[in-house]
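Hello,

Here is the structure I promised to pass on. Have a look first, and my notes follow below.

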Amino acid sequence: MDNENLEQEESSILTLTDENGQDVDFEYLDCIEYQGKEYLVLMPADEVSTEIVILEVEPVDEENENYLSVQDEGILNAVYDIFKEKYKGILTFEED
């Protein structure tokens, strides 16, 4: 693996701090815009789980942003559907 690919691999990992002050690593999959807001699509980096995490991006200032858990099932489903459509030829999705 050359340095460029290694840098891309490293930059796809985000470390976020949860409500208990614990750092958790996530693999960045995409950022989806829906109804004028941005949502991060992530997957836990240190687990074999294929569970997707969707967080709302809340800008704080020009350099900082907060990531909020999404409670609305309708929004979660809509963002996940957009993600699945965008990657349907690239990724395989399990159906519920």
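At 47% relative accessibility, K86 counts as partly exposed (buried is under 20% relative accessible area, exposed over 50%, partly exposed in between, with a 1.4 Å probe and protein chains only). This is a predicted model, where local features need pLDDT of at least 70 and side-chain atom pairs count only at pLDDT 80 or more, while totals for chains, interfaces and linings use all residues. Residues are numbered from 1 along each chain as its sequence is written, and side-chain values use heavy atoms, with hydrogens and water left out.

K86 pairs with D30 in a salt bridge, 2.8 Å from N to O (a side-chain nitrogen of Lys or Arg within 4 Å of a carboxyl oxygen of Asp or Glu). D30 lies in strand 2 and K86 in helix 2 (residues 73-86), so the bridge ties together parts that are 56 residues apart in sequence. Helices (H or I, at least four residues) and strands (E, at least two) are DSSP runs, numbered from the N terminus. D30 itself is buried, at 8%.

The structure holds four salt bridges. Another of them joins E56 and K37 at 3.5 Å, N to O. E56 belongs to strand 4 and K37 to strand 3 (residues 37-44), so this pair links parts 19 residues apart in sequence. Here E56 is buried at 18%, and K37 is partly exposed at 40%. Within helix 2, K84 and D81 sit three residues apart, about one turn of the helix, and their closest N and O atoms are 3.9 Å apart in a salt bridge.

Best wishes
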